[in-house]
Structure formats: structure tokens, C-alpha cells
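Here is a friendly walk through one fold, written for someone who likes definitions next to the numbers. Please have a look at the structure first.

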Amino acid sequence: MRTALALAEQARLICPPNPAVGCVIVGRDGEVLGQGHTQPVGQAHAEIMALRDAAARGLPVQGATAYVTLEPCAHQGRTGPCFDALVAAGIARVVASIEDPNPRVAGQGLARLKAAGVEVLVGPGAEASRELNIGFFSRMARGTPWVRLKAASSLDGRTALPNGRSRWITSPAARADGHAWRARACAVLTGIGTVLEDHPQLNVRLPDVLRQPRLVIVDSRLETPPGARLWGAAQREVLIYTSDADTSRAAPLRERGAQVVALPNPHGKVDLAAMLRDLAAREVNEVHVEAGHKLNGSLLREGLVDELLLYQAPRLLGEGAGIAALGPFTAVEQALALEWTEIVRVGPDLRLRARRPGHQR
């Protein structure tokens with residue numbers, strides 16, 4: 001199962017919106033007969049790739065055990081049901097990490113395997129598989145993506161100088177690591193303030209990138225310039241959420257290929273919770289937020305952030321912008337409480353990950 005999980009890790013950057021799954025087929029004597037992982041959307045799932053691998057080696061799999069990191073699917077989607085292929089190949093035993101949260105599967109794959117006489121065991125590697133596909137589980141269980149807010153700051157929590165300059169607080173190693181997290185997301189989210197002030201591209205600039213995440217902009221008054229740098233980045237879908245899409249400003253943005261979506265709240269801003277539900281309906285699993293302190297603050301205040309991904313440089317900037325506009329609080333007890341889930345060194349900087357205590361995904 002550890003090998004299957006490692007294979008699933010290899011699929012994470014190429015398979016969204018499908019979950020990243022790995023499969024290893026093992027013979028009665030412990031020999032690995034075939035292995036594989038999920039391919040890009042519309043192509044073969046992990047079980048099919050493992051069966052093909054065994055066939056390419058000329059190794060029969062009848063009576064073998066398939067170790068798979070997620071319940072084999074039992075429905076006709078973009079591809080056929082994987083449980084049918086396993087049964088047809090003569091697999092005698094399936095060890096699955098965890099049930100598929102997709103309501104179209106949700107135990108049916110395992111039940112049908114059992115009905116076909118296949119021995120089934122569920123549980124090994126469950127937490128690792130869930131964490132690997134945390135966005136997929138979130139979308140299926142909650143109807144919203146997993147929202148990860150990324151920020152780079154100094155040791156005293158400053159993301160920019162008082163004059164607005166922020167390049168570069170952290171090291172090249174931290175920036176490359178941030179791109180890896182950007183690459184695994186289905187969508188990168190920012191606000192109009194960042195678009196106008198920082199002129200970002202917000203694409204993934206890593207070698208051999210096969211998939212660019214969507215770009216999502218929160219822009220209540222449709223101020224995104226049709227000539228902004230973001231349009232020149234690698235080809236990807238652009239979604240602009242606004243409070244009023246029936247203005248003359250929408251037309252040039254649509255001409256650039258953007259989808260303009262009006263989701264107003266009672267205050268004339270974008271309804272952020274409705275936006276996340278809409279993104280889930282568009283099969284977005286993970287949202288990677290790279291925004292300014294205002295939008296960050298709004299997302300945090302509304303309880304829409306699941307995880308913070310913070311890069312901290314060993315330098316002090318003194319005054320300047322912070323990570324999020326929260327408060328002002330009058331008591332320490334009002335502060336947003338978090339718990340660390342990871343603290344690692346990335347070059348000279350730290351990568352810190354934090355979630356709300358007891359946060360359910």
C-alpha cells in the first residue's frame with residue numbers, strides 16, 4: 001500500500017478533478033505483477049493502468065491481490081467502472097485504503113466486488129489517501145473545495161513594505177516550493193487589489209507542467225484590465241466573480257476568454273461562500289489563494305479557509321502590510337486560533353502549515 005500511495009502522489013499534478021489513486025497488483029508469492037496511477041481526466045484509472053502493466057509484462061493476474069488507494073469505481077463516468085475490469089481479470093482480493101466519497105460510488109464498488117466473490121479489505125493507508133485527496137473529499141462531502149491560503153512574510157508577519165513592495169521577501173527555494181503547491185490546485189484565487197498592485201501572472205512556472213490551474217479573480221466592480229499580465233500567462237481558464245456582470249466592463253473581459261459570473265452579496269460585494277459552491281460545481285477540488293490582506297481577511301472572517309500555507313523568511317521588516325485584515329480585536333481570546341500541522345525548512349525559510357483545531361474536512 002505504501003507503493004500504491006507513492007504512485008498516487010505521482011498522479012496528483014495531472015489527474016484533477018479526479019482523485020489521485022495508485023494501484024499495485026501482487027501475485028500469490030508476493031511478486032509485483034503490475035502497477036499504475038490515475039491518468040489525466042478522461043483517461044485510464046489506476047486499476048486499469050496496473051492491469052495494462054501486468055499484461056505488457058506478460059504476467060497473468062488471476063488469483064492476485066490488488067492494492068488500491070481508493071475504492072474502485074462502480075459507475076460509468078468519463079471511463080468505465082474499474083470493478084468490472086478487476087473481476088474480469090480474475091483478481092481474487094482487493095485491499096482498498098478508503099471508500100470513495102463520491103455519492104455515485106460510496107461503497108458500491110466494494111459491494112459489487114464482494115458480490116462477485118472477490119475478498120475485500122478496507123483501511124490500510126486510509127488517512128494518507130484522504131490527505132492526498134483532501135480537496136476531492138471536501139468537494140464530495142461538503143460541496144465546497146478545500147481552500148488553502150498561501151502567504152509569504154517576514155518573521156514579524158509583514159507581506160509587503162509600507163510602499164507596497166513585496167519582491168522578494170522569501171528565497172527562490174520557497175518560491176519554487178510555492179509553485180509546486182500552486183500546481184496541485186484546481187484553481188488559483190486572487191483579488192482585484194493584487195491584480196492592480198502586483199501585476200501577477202499567477203500561473204505555474206515549473207518545468208514539464210502538463211496542467212495549469214484555473215485563475216479565479218474576485219472583482220466586484222470589474223476593474224480587471226484587459227491588458228493585464230495575467231492574460232499573457234500559459235493558457236488556462238479564467239473566472240471573474242463580480243457583483244454585477246451586466247456592465248460594459250464585462251464585454252472586453254469576455255472577449256479575452258474570461259467567464260464573468262455575478263454572485264452579489266447584500267453589501268454589493270462578491271458572495272464568497274456562493275463562489276466556493278459554484279467552483280465545486282465546476283469540479284474544483286482545491287483552491288490555492290494568493291491574495292492581499294483584505295481578501296485574505298474576508299475569507300478568514302467568514303470561516304472559508306481550511307488551511308494556511310505560510311512561508312516565513314528570517315528577516316524583520318518592521319512596518320508594512322500583514323497577512324490578513326482581521327479585527328481589530330479587543331481581547332486576545334478573540335483571535336483566530338490555529339494549530340500547526342507542519343513546520344519544515346525550505347532553503348533559508350520556513351514552510352508552516354496550520355488548520356483550525358478539530359477542523360473537519
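This is a predicted model: local features need pLDDT of at least 70, side-chain atom pairs count only at pLDDT 80 or more; totals for chains, interfaces and linings use all residues.

Residues are numbered from 1 along each chain as its sequence is written, and side-chain values use heavy atoms, with hydrogens and water left out.

Five strands form an open sheet with the order 2-1-3-4-5 and mixed pairing; strands (E, at least two residues) and helices (H or I, at least four) are DSSP runs numbered from the N terminus, and two strands pair if DSSP finds at least two bridges between them. Strand 2 (32-37) and strand 5 (119-122) are at the edges with a single partner strand each, so one side of each has no neighbour in the sheet. From one strand to the next, the twist averages 15 degrees. Strand 3 (residues 65-68) and strand 4 (residues 93-96) run parallel and are joined by 4 bridges.

Contact means heavy atoms within 4.5 Å; axes are lines fitted to C-alpha atoms, for helices over the stretch in contact, and angles run from 0 to 180 degrees between N-to-C directions.

| Helix | Strands touched | Angle between directions |
|---|---|---|
| Helix 1 (residues 2-11) | strand 1 (22-26), strand 2 and strand 3 | about 145 degrees with strand 1 |
| Helix 4 (residues 108-115) | strand 4 and strand 5 | about 150 degrees with strand 5 |

Now for a helix pair. The axes of helix 2 (residues 46-57) and helix 3 (residues 82-89) come within 9 Å and cross at roughly 30 degrees. That makes the two helices roughly parallel (angles under 35 degrees). E47, I48 and L51 of helix 2 meet C82, A85, L86 and A89 of helix 3.

Finally, two residues. V68 lies in strand 3, opposite A96 in strand 4. With a relative accessible area of 1%, V68 is buried, whereas E127 is partly exposed at 48%; buried means under 20%, exposed over 50% and partly exposed in between, using a 1.4 Å probe and protein chains only. Beyond residues up to four places away in sequence, V68 touches several others, including M1, C23, E47 and V95. E127 belongs to helix 5 (residues 126-132), and its C-alpha atom is 8.2 Å from that of S97, 30 residues apart along the chain.

Terms used: Angles under 35 degrees count as roughly parallel, over 145 as roughly antiparallel, 65 to 115 as roughly perpendicular and the rest as oblique.
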